Amino acid sequence: MLTRRILQLVVTLGLFAFVYCQQIPAQKNSHPITEFLQQSRPDFNHARSLAVAPRSGEDAFVVVSLKSGRLVLAHNPRLPLMPASSVKILTTIAALEILGPEHRFETRLAYDGSIADGTLQGNLYLIGGGDPELEAADLDEMIRHLHTAGIRQISGQLIADGSLFASFQEVSDLMADDAYYNTAPGALNVNMGMQYLHWRTDDYSSFSGRDPRQYYPASRAQVEKERLQNLRILPDLDYNRIESSSRLAASHDKADLEYRPAEKSKDVPYLQGTWRLHPDFFKQSENRWRNSTLLPVKNPALFSGLVFQKMAAIQGIRIPAVAVGQTPRLGISTIATVQSPALRRIVRENLHYSSNLIAETLLLHIARALGKTEARTLAAAGTVLGDWWQAKLPAVDWSGFVMAGGSGLDPAQRITALQMAAVLVYARETMPWFSSLLPLNGVPGVFQGKLWHPADAMHVQAKPGAIFYAVSLAGYYWSDQGEPFVFVSLINDLQKRAFLDGKDAAQALRYEKAAPGWNGIHRRIIDHRLSFWLRGKFERSEQTK
């Protein structure tokens, strides 16, 4: 009886609470995003921030107080500009929310057939799961499991399976084919898709017991001759060959290394094409005192399979052939699985070292996780991510926004300072720890030599970005008064960038040579402004007095 009365009382109180809640008017949303986006003008005058103006091009910045949710400073806040690598902020925040900060990517080693007397009668399958930080050490772990399984050779071949994603040869076709930052993203991609072009002044044989006077060439001309004769691609794989220096044709229009593939095909091995070397390559200051340079891998799945084959051979396991292909759905047994670090750590490293490969790989994972498996290009995957952000923050005016990829390397990318600021405010609310993943100024690392004044040190956590004629910095800072802010600063010269990407080769070369100087000047302008903002001494706008 008592139990029934208690139950009746609970039901009655529940109904009363429901009716009462229906009568309470909806509370006004005090979300900082809606607060500062509804302002018609900022609280303070931006004139002093423009005391050092860009020499050319377009300029935009926004400063938002996280304490009050107010727009503090703004200049051209709705002007769409190239964000360069700062757009990795949008990619990484979305990846953390959609996949989860503890998510790990898996790479599997499997086989079909049977094992008898140390021989696998069948194929091995190296199955990529889109781990952007897959290392040779992970492959070594898999080879150890082959030893444990008693396999010393296989009768079939190693199938390198990168079919989780579409095949790419580069991030952007507007960037140099040989640029290390333009390496191809892929589902199976070891060592960040990097190789070394390595040169030495000897024949790579052991010089133990040799007269040191015989080891060192007598003249600079002899040094350069021997360097050309002893060019190597490391790791030294079967399809990486430079048969002789005659393979290198002098190029007078570019003072660097240049790659021209024989044909555009995902099946073309990495060095089937022509490497052109400027005659003064070894005289350049950046090459004179070193003996290697980074090269991008053009076929990551094949490259990963060949690295695995080479490592296995060194450890006594014979794999007769490597081919790119897909893993059958049935009749497969897993030998080993390796996992990536947690996504949170991958994101931190991406924001610190700005790897385009990591950012574009995360973008492909995002599109796949959202069910958009038809997004087979980076531009299509970028559109998927752009649509996701627009749905996530409907209060934001997304006019002019173009998400052409996940890394910012594509110059078609566009974002306004206000849009970027809204994303940073959103991250501060939903994952307050995100700011700790960004580079911190005043300590060795990304900001080395920038914002290094003792008064500014350790006040800023932000992501810089730069491609030719586009520089940016976006993130968080703490003023001298201890107040947290979001800031975004973008400087572009869209006209010069258009000339650089144009069809007039002579004009493009002229603007390419001038671009590093332009970028350096405008990076310093952004730093100067931010140092001023850190002081927090703003002049109140006339309209808000």
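This is a predicted model: local features need pLDDT of at least 70, side-chain atom pairs count only at pLDDT 80 or more; totals for chains, interfaces and linings use all residues.
Start with the helix pair. Two packed helices are described by the angle between their axes and the distance between the axes. Helix α4 spans residues 136–148, and helix α8 spans residues 300–314. Their axes come within 10 Å and cross at roughly 55 degrees.

From α4 come Ala-136, Leu-139, Asp-140, Met-142, Ile-143 and Leu-146. From α8 come Ser-304, Val-307, Phe-308, Met-311 and Ala-312. By class, this contact has nine nonpolar, one polar and one charged residues. An α-helix has 3.6 residues a turn, so residues three or four places apart point the same way.

Next, turn to a loop. Ser-407 lies between α11 (378–392) and α12 (417–430). Is Ser-407 buried or exposed? Its relative accessibility is 1%, so Ser-407 counts as buried; the cut-off is under 20%. The side chain of Ser-407 makes a polar contact with the side chain of Glu-360, at 2.6 Å. Leaving aside neighbours within four places in sequence, Ser-407 also touches other residues, including Ala-84, Ser-85, Val-87, Lys-88, Val-171, Asn-356 and Ala-359.

Finish at helix α9, residues 343–353. Its buried residues are Leu-343, Ile-346, Val-347, Asn-350, Leu-351 and His-352. What covers these buried residues includes α3 (88–99), α10 (356–369) and β18 (460–467). After α9 comes Ser-354, with a positive phi near 55 degrees.

Conventions
Residues are numbered from 1 along each chain as its sequence is written. Side-chain values use heavy atoms; hydrogens and water are left out. Axes are lines fitted to C-alpha atoms, for helices over the stretch in contact, and angles run from 0 to 180 degrees between N-to-C directions. Helices (H or I, at least four residues) and strands (E, at least two) are DSSP runs, numbered from the N terminus. Contact means heavy atoms within 4.5 Å. Ala, Val, Leu, Ile, Met, Phe, Trp, Tyr, Cys and Pro count as nonpolar, Asp, Glu, Lys and Arg as charged, and the others, Gly among them, as polar. Buried means under 20% relative accessible area, exposed over 50%, partly exposed in between (1.4 Å probe, protein chains only). A polar contact is a pair of N or O atoms within 3.5 Å; within protein, one must be able to donate a hydrogen and the other to accept it, and residues adjacent in sequence count only if both atoms are side-chain atoms.
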